[in-house]
Amino acid sequence: MTARNRELFALVPVALLLTAGFAAVFAQESAQLGNLSLIYGAYFLAICLATHIFLRVRLPNADPYLFPLMATLTAFGLVMIYRIDETLARDQANWFVLGLVLFAVTIYFLRDYEVLERYRYTIAVVGLLVLLAPRVPGIGQQVNGAYLGVKIGPLAFQPAEFTKLAIVVFLASYLREHREVLIVGARRVLGVTLPPLKHFGPMLVVWGASMFMLVFIRDLGSSLMFFAAFLALLYVATGRFSFVVIGMAMFLVGAWFFASTVPHVHDRVEIWLHPYNSPEETGYQILQSIFAQADGGLFGKGFGQALITIPGTHPPARLLPAAETDTIYALIVNEVGLFGACGVILVYLLATARGFKIALLASDGFSKLLATGLTAVFAIQAFVIIGGVTRVIPLTGVTLPFISYGGSSIVANFVLLALLLLVSDRARREAAEPAGRPGTLGMVP
Amino acid sequence: MNRQIVKLFAFIVVLFGVLVGFTSYWSVFDAEALKEKNANKRPLLEQQQIPRGRILAADGTVIAKSVPKGKGAEKRYVRRYPEGALFGHPIGYSFVQFGDSEFEQFHNEELVGEESEFGSILDELTGGTQEGNDIVTNIDAEAQRVALADLEASGFGAVVAIVPQTGEVKVMASNAPYNPNRVPYKFSKLSTNDIERPLYDRATQGQYPPGSTFKVVTAAAGLESGTITPETTINAPGTLEVEGTPLQNDFNEDFGPIALDTALTNSVNTWFGQLAQQVGEDELFETMEKFGFNATPGIDLPSDQVETSGVFGEQGELLHRNDPVDLARLGIGQERLLATPLQIAEVAAAIANGGKLMKPQIWKRVIDPDGRVVDRLDPSVYSEPVSAETAEQLTTAMEGVVSEGTGTNAAISGIAVAGKTGTAETPGNKACGGGVDENQAWFMGFAPADDPQIAIAASVECTEQFGNDVAAPIFRDVAETILNGE
């Protein structure tokens with residue numbers, strides 16, 4: 001079966017999942033089943049099919065499983081968000097469509113994605129500049145003490161979601177060019193392999209940027225995510241584990257320093273370590289998140305059956321704060337239980353595996369590093385927010401990719417997917433060619 | 001670079017494994033502990049969505065029920081107590097914001113219909129929703145009404161009535177009462193009222209000096225240990241010098257050598273003081289403990305809401321048989337001896353039941369939403385403080401108290417009553433406002449004496465009257481109501 005046919009078949013269960021999910025929520029809400037869930041399922045399938053046909057034409061060799069996997073997450077997210085608030089789900093569906101449009105635009109215009117390498121500094125600078133926008137008076141927005149959002153007129157977005165793409169592109173390109181020197185120029189000092197200082201300058205800039213984000217944007221989650229992606233790429237590019245250790249030490253020292261000097265960062269860590277100190281105020285979100293999970297048990301309460309507001313309060317008071325964004329994973333555990341949550345984690349793991357598969361197949365350094373970086377940042381983002389909600393690490397305001405409510409998140413992640421598929425299409429085409437299937441060589445223009 | 005990519009993937013697999021581990025911990029392994037946390041309002045909120053079972057009196061009177069409010073996801077159930085203050089004690093209340101108390105708290109699991117994880121999955125598959133079980137209590141609504149009305153006319157206090165052969169609690173009334181329906185609106189007022197203390201169940205939490213009612217326990221220890229027989233006489237002078245302080249009879253009356261019947265009928269202090277000294281601390285404490293003293297009562301109420309009866313030291317600590325006590329004063333119910341009305345009712349019930357003390361229980365049947373009886377009270381013996389013979393001898397003596405002694409106001413026409421009065425002087429009692437003439441008035445007993453149907457203790461605090469004046473009439477009214485209702 002060809003790659004695209006496999007993709008087509010994989011999309012059918014996704015649409016069925018969405019239909020079944022909506023049916024379950026409707027059944028819970030009105031105790032009667034209309035055909036609305038079928039209509040939603042059909043819409044979703046139609047949109048996915050259109051995307052699939054576009055991929056058939058533009059990237060026939062691209063990985064067949066990534067798009068259905070991401071569509072699974074989106075479908076799951078749509079059901080969960082619908083169950084919280086209908087209007088939010090409608091927004092999310094619109095952003096899903098917008099995300100797919102940008103996905104198509106990316107694939108259409110970036111067929112030769114090496115062009116990104118040429119503009120790597122521009123991309124990096126623009127990426128970092130938009131990150132600062134939330135601090136610009138008038139357009140910046142503060143949420144829970146962190147400066148995460150920008151609002152210009154009716155248009156609101158979270159720059160960190162886009163900056164992560166810019167940073168990965170920059171790092172992939174920079175490391176492709178300098179990896180040799182970083183390896184060869186490394187010196188052993190006191191038994192520790194140190195990278196050459198000259199070429200390491202820009203790397204220090206990344207560290208500085210992460211620390212800057214921590215202090216200035218106060219975004220612990222994005223800071224962690226960026227820096228972890230950077231270390232992952234550095235490791236893959238150089239093969240020096242010592243660099244990762246040094247980097248990690250630098251981050252921890254910096255984070256520790258700022259945790260003891262910047263109140264916001266300090267608070268986040270304090271809440272993480274001692275949530276029961278103020279269960280009704282600062283500790284409320286993480287505690288309610290954990291209580292929601294305890295309520296789920298092995299199999300969960302079922303779609304639409306978990307408590308997210310306190311009954312009898314007007315306007316409804318949230319029992320689980322930020323259920324549609326930060327703590328959506330807790331709601332998932334609550335409604336579909338440990339088994340359902342493991343399913344979701346498994347989907348993230350499968351998508352990550354496919355992403356790294358692309359990196360393995362890619363033949364040139366930039367493609368390899370780009371695919372690695374995009375996959376790593378995707379996986380780490382999922383880890384940072386799920387880890388935050390389950391108290392593995394401090395809880396921060398990062399979205400759960402493809403599932404959390406949020407336009408910037410959906411759109412940026414579909415662009416991420418587009419870039420991965422672009423790399424994949426070329427890698428798989430090149431991998432197939434030398435095999436010399438009769439006739440294929442002649443068909444390549 | 002491929003080797004590193006594979007290693008990176010392996011690392012991410014580990015990270016995701018950690019996520020699965022933590023999720024398992026919160027959702028399964030630590031889930032029960034998390035549900036117990038004070039900050040976790042979910043169990044209460046979820047219980048609010050379950051129609052909690054009703055609580056019924058023995059005759060079917062609805063004591064507590066749940067009424068729905070709101071619709072759809074907003075739907076929740078709120079507790080209503082149709083009889084208001086009548087059953088505030090011992091039933092208690094159950095509200096999300098204010099928690100629960102007494103019977104509602106003790107029987108919470110049955111009332112919400114707690115099920116296994118498997119049961120709730122079945123429910124989910126079949127579309128069923130959790131529903132609570134009804135509980136039928138032993139409470140006699142009419143007798144409870146009489147007891148509370150009498151108490152309200154007499155003063156703060158409590159009445160407990162127990163079926164001697166089964167331990168079924170027919171009446172448990174406490175004055176001042178409170179209306180559980182008002183708990184959500186008046187909680188702080190109800191819980192901070194230091195004088196009336198309406199949320200405090202005097203029947204199980206009121207620790208009072210039992211006065212002369214305790215002489216029955218002393219007599220039981222004397223007979224049971226073989227120290228005396230009903231014929232043994234002890235010389236009872238008007239005053240007895242004990243540990244440097246005179247122990248006196250009422251009006252300093254000198255009775256001369258008398259036996260148990262005369263001593264109990266006239267509640268002779270010097271007689272029982274000497275008996276206690278002859279019995280000795282070990283035997284007296286052993287009998288007390290068999291009657292239920294020095295232990296948390298085994299009634300179906302939360303253990304933090306029932307007080308232990310016994311001898312208490314200066315610091316309020318419970319004394320045991322090796323601690324130094326003034327035996328003569330203990331024998332007549334003094335010497336920092338404190339007992340709850342429930343405890344004194346248990347003493348009466350044990351004697352009425354031929355010496356066997358049954359575990360007192362308020363509940364009788366649990367009925368599931370389909371009307372099936374899923375559980376039924378199986379009466380169990382708590383202890384056997386005295387032999388049947390001793391019980392009979394004590395009964396005879398206690399009959400004398402009512403027929404010709406200090407407790408004549410407990411008499412019921414045509415029925416033999418056995419009982420004992422008690423009047424403990426409590427001058428300077430802070431709960432009474434510190435008056436000098438305040439008494440703790442008691443009556444405990446059972447009827448009919450030859451075929452006991454009900455054992456009752458009535459206690460009134462802060463009264464200037466005696467047990468026979470204020471507590472015995474309450475006993476009579478409640479006993480009559482129960483016996484007429486049979």
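Me: What span is expected for helix α6 of chain A at 1.5 Å a residue?

Reply: This is a predicted model, where local features need pLDDT of at least 70 and side-chain atom pairs count only at pLDDT 80 or more, while totals for chains, interfaces and linings use all residues. Residues are numbered from 1 along each chain as its sequence is written, and chains are lettered from A and ligands numbered from 1 in the order in which they are written. Helices (H or I, at least four residues) and strands (E, at least two) are DSSP runs, numbered from the N terminus. The expected span is 1.5 Å times one less than the number of residues; α6(A), residues 120–132, has 13 residues and reaches 19 Å from first C-alpha to last, close to the expected 18 Å.

Me: How wide an arc do the buried residues of α6(A) cover around the axis?

Reply: A residue is buried if 20 or more other C-beta atoms (placed from the backbone) lie within 10 Å of its own, exposed if 12 or fewer, and partly exposed in between. A:Ile123, A:Ala124, A:Gly127 and A:Leu131 are buried, while A:Tyr121, A:Thr122 and A:Leu129 are exposed on the other side.

Me: Which element gives the most residues to the side of chain A that touches chain B?

Reply: Two residues are in contact if their C-beta atoms, placed from the backbone, lie within 7 Å. By that rule 45 residues of chain A meet 36 of chain B. α9, α12, α13 and α14 of chain A each give two or more residues, and the most, 13 residues, come from α13(A).
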